[in-house]
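Dear colleague,

Please find below the structure that I am handing over to you, followed by a summary of what was found in it. I would be grateful if you could read the notes alongside the coordinates.

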Amino acid sequence: MVHSIKQREQGPTRLGKAIDFVVQNAMSESHGGRPSASKVAIVIVSGRSEDTVEASALSARMNRVSLFPIGVGNEYDEDLLRTLTGSSAADRIMKLQNFEDLSTMITLNNEFIKKVCMDPVRECIDEDGNKKKPGDKWTLPDQCHTVTCFPGDYTVLESHQINCDRMPKPVCHSNLPAVKIEETCGCRWMCPCVCIGSSSRHIVTFDGLNFKLSGNCSYTLFQDREHHIEVLLHEGPCRATPKMNCMDSIEVKHRGVSVQLFSDMAVAVNGERVHIPYSSSLFEVAIYGAIMHEIKFSQLGHNLTFTPRNNEFILKLNSKSFSSGTQGLCGVCDQNHINDFTLHDGSVTPDSSVFIRDWMLEEPGKICEIRREDRCSEHATSHCHLLLSDRFAECHRVISPNMFYEACTEESCYEDEACEMITSYAHICSENGVCVDWRTPEFCPMKCPTYLTYDHCHKACVKRCENSTKLSVCKDYPTEGCFCPDGQVIFNDSCVNEEVCTRCVSEDGTYHQHMETWIPTNEPCKICTCLDNKKVNCTVRPCPTAKPAQCGPCEVPRLRRDPDQCCPEYECVCDLVSCDLPPAPVCEFGLQLALTNPGECRPNYTCACNREACSLVQRPSCPPHRELTVKTTECCDKYECTCSCTNSTVTCPLGYLSRSLTNDCGCVSTTCVPGRVCVHKNIVYPVGTTWEDGCRECSCTSMRDDVTGLQMMECHDKECNTFCSRGYKYIVQEGECCGRCQKTACEEQLFWSRGDADPRLHEVGTEWRSPFNHCIINECVRVNNEVFVQQKNLSCSQMDVPDCPEGTELRCDQIIDCCPSCRCVPLNGCPLNGTVIGPWRRLMVDQCTTCVCSLQLTPLRKYTLTCTKLTCEPCPINYRRQEISGSCCGRCVPTSCSVRLRDGRLKYLQPNESLQDGCDSHSCKVNEKGEFIWERRITGCPPFDSRRCLAEGGRIAKIGNTCCDTCVEVECRPVSTRLQYGNINGCVAEKEVPISHCEGKCRSNTRYSVQTGKWEDVCSCCTATQTTIVTIPLQCANGTVVQHYIPSASQCECYSRKCTV
């Protein structure tokens, strides 16, 4: 076994978890470990462990497991080995250089064998190494485990840790989800202590009771005398809706300090207004989203938020630091709503109006007016359905909206009241991590200042500039409100960039960055610096001794006197009276006068070239006999037109005369001048000359062409004779001036004609019958401009061959209009299937049909075919006819099996088809002869009484996949009933209340237990696992209505119970 141990691969080592696994699995009694027997675990350590081993080593010792560590190599921690053995058993440690020494240690050295195999000394030792006696009991350092030493020197470890995640959450009267409270030895579930004020006048106590305030008075919301805390609510008429009451302010008193939160978002401490955020040893006061006040109790952990715009406040108590002796309109947080209406003297009243008056405050100078309920005029309750809509579906799984919906529908007369109640539910949802975007521009809009933006789910911290510092206010849950854009902070009712928080402002209103220095404009002898917290520090500038200035030509020194000057300084000024000024030079060739020492008193001039001015010089336009030349100067180029003669020989076109001229440069130029002639087709015609041009006659006129300068010619067409005789047409050939008469028709030859009659004409392309032979066709044709008559025989079209009816045949022996013609004539017999049956002949068509041809003795000799067919009887249903050779009707054979069902109905089954009729199974088979066989099988069922099953609340079902019925008992489920509630403190319910309870059967059994050696009964009962709160309005004798709450089962399951006899 030792040889099979391999060195583990490199990777993280968690030795503590490995020891826990060995102790809890390999050596526990549930996995085969012997009870009260000592165990030994050999631990091979070659490196450092990533987790701690103290608790695992202690658990091993408590479970009587002795650890023998073997350190291999030099990378392990020796302190880790001593922790595994404990301070009293360090001699168990063995050290080796490498893994190969394991087998040597076992075979050659029996020291380790003796340590392992000797019975360990039985003694009780605590975690500090102290020996304990039987009966001693001590607590481990984690305060969650106790160890007891029993006779025989063995210990028993008891755990007091509580895992609340495995425990059911309590159902809170406030309908809020339970919260987890972390404690030393685990956790526990607890209903939160939350008091809510909303919708102008609604108060919801810690335990879920709600009532309505009807006066613009002051009230005590919360009072904790043990910790000296008092929270007061001051109400008054609403500005927008005077008929409604709104929350003017909330005042918090704690250990002599008073903090008052006003509806205009101002905050006063002991009557004096303070800047926000405000912090002290008792309070932390902040404003979040420009609409919500927040007070955190620094020492107790309580939290109060007040949103005046929504007429809403939420008071949350820290579950670890509040006392059960709380009083006020918020009630007592003890999950018992019966004592929520507790008065000053400790008594409890069922009347909410008496409860409200008892906690009403009388303030000097303020009149408390109780407003009676007016008749509702707007009825805004329709808006309350938004609480039950899919918009809040995600929040419904966390917090039930029933309480908020009931309060909204009962009390919301105005739209603002409905908005505020929906806002309260949305606020509770966001505190539990669910944001709902439910507002619209038309319904319950939240109007923000122009510099802020509305956000329904703001999760980032709110930053603002106060007292020259950048402060952040953060919430541990998303909220709605008005916020600055990302990257900006609130500063003096505006949103600015974050660096503005550290900028200083000088007296002239200029901004300066941190550690920037500047000289004030109206105090030049000071220098100022922007320090931390936007503090400006100004000091006086030191002045050195003034020294005379060293002046140049034409300058004299003078003491400088400027309004922004601090220290005395000399300056040089010009002395033009005694100065010898030099003359200015004359500039040419584009050069301009320029000053070489601007700013000095004695000027120095020079001629400088301004290249930009050169572009303004215009180039001259030269005639053809001159060319443009450029002369280079010191500055701008000079342009001139110089003579440039080019002798050329000019050849003038037809009609033009040449003319020579000499210009100012002596250049000879030749030009062409038009003469008094006409030019046509390269022929020159003098004025008055006529000539023929094709079909036109032309002449040269005395008019001159303004474009060419030559004379203009005039032409007109020649006159032609266009008359032609009958049968001819005047045609002009291409390229000829006049045309000729061409024949266009043919004359028809007649048997005879009169001498004075015109012959009949036929146009080219027409046809006519020859009068001498009707089977010849004459056609007038044109060939090579010659017109003549061409003859051809008559062409017969495709003959119209008729479809002859039965009993006739086709004959084509007649000639009509030069073409043969076809007709149908009667047959000498009766036709049948393409053959002809002679008169009085008999023919058998098939097995059932015989035909005979008869002749009617009439002049038309008409033949008639008579056929006789044998009629067969039809086959019954589900039978078919089978043909038999030599037989006309054959025989009827079956096509299916006929089955008679239990209810008398007749059913037909196809071959290999089966049918289930209750417990009868029918099938259809076909034997080797082709005969249909009906098989029937009957299944037997145990006796069953259906009426008794239904009477006992069961339901009828099939036994497995069989046809037999059985009774299925009713499972555990909620059953709805109606409850008539009795008298409670003189108040009774007006009607029955729908409520659900658990009903149904659960399983039970008896099993043999190996651990106890006895038979144990295991029972399960139908128990409610989830409940909902049902509100019962109770009518009291004094006319008031109080709400009573009872649980109703919403989910039932079978829970195990210990059976009792």
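**Helix contact**

The axes of helix H2 (residues 54-62) and helix H3 (residues 78-85) come within 8 Å of each other and cross at roughly 30 degrees. Axes here are lines fitted to C-alpha atoms, for helices over the stretch in contact, and angles run from 0 to 180 degrees between N-to-C directions. Helices (H or I, at least four residues) and strands (E, at least two) are DSSP runs, numbered from the N terminus. H2 and H3 are therefore roughly parallel to each other; angles under 35 degrees count as roughly parallel, over 145 as roughly antiparallel, 65 to 115 as roughly perpendicular and the rest as oblique. On the H2 side the contact (heavy atoms within 4.5 Å) is made by Glu54, Ala57 and Arg61, and on the H3 side by Thr83, Leu84 and Thr85. These residues divide into two nonpolar, two polar and two charged, where Ala, Val, Leu, Ile, Met, Phe, Trp, Tyr, Cys and Pro count as nonpolar, Asp, Glu, Lys and Arg as charged, and the others, Gly among them, as polar.

**Basis of the model**

This is a predicted model, in which local features need pLDDT of at least 70 and side-chain atom pairs count only at pLDDT 80 or more, while totals for chains, interfaces and linings use all residues. Residues are numbered from 1 along each chain as its sequence is written, and side-chain values use heavy atoms, with hydrogens and water left out.

**A three-stranded sheet**

Three strands form an open sheet in the order E54-E55-E56, with antiparallel pairing; two strands pair if DSSP finds at least two bridges between them. Strand E54 (767-769) and strand E56 (786-793) are the edge strands, each pairing on one side only. From one strand to the next, the twist averages 30 degrees. E54 and strand E55 (residues 776-783) pair in the antiparallel sense over three bridges, and the bridge partner of Arg769 in E55 is Ile777.

**Disulfides**

The structure holds 40 disulfides, a disulfide being a pair of cysteine sulfur atoms within 2.5 Å. Three of them are described here.

Cys193 and Cys333 form a disulfide with their sulfur atoms 1.7 Å apart. This link is left-handed, with -80 degrees about the S-S bond. It joins distant parts of the chain, 140 residues apart: Cys193 is in strand E11 (residues 193-198), and Cys333 is in the loop between strand E24 (312-317) and helix H6 (352-358). Both Cys193 and Cys333 are buried; buried means under 20% relative accessible area, exposed over 50%, and partly exposed in between (1.4 Å probe, protein chains only).

In the disulfide of Cys419 and Cys444, the sulfur atoms are 1.8 Å apart. Cys419 lies in helix H9 (residues 415-431) and Cys444 in the loop between H9 and strand E26 (453-458), so the pair ties together parts that are 25 residues apart in sequence. Cys419 and Cys444 are both buried.

The sulfur atoms of Cys609 and Cys635 are 1.9 Å apart in their disulfide. The torsion about this S-S bond is about 70 degrees, so the link is right-handed. Cys609 counts as partly exposed because its relative accessibility is 29%, whereas Cys635, at 3%, counts as buried.

Cys1021 counts as partly exposed, at 36% relative accessibility.

Yours sincerely
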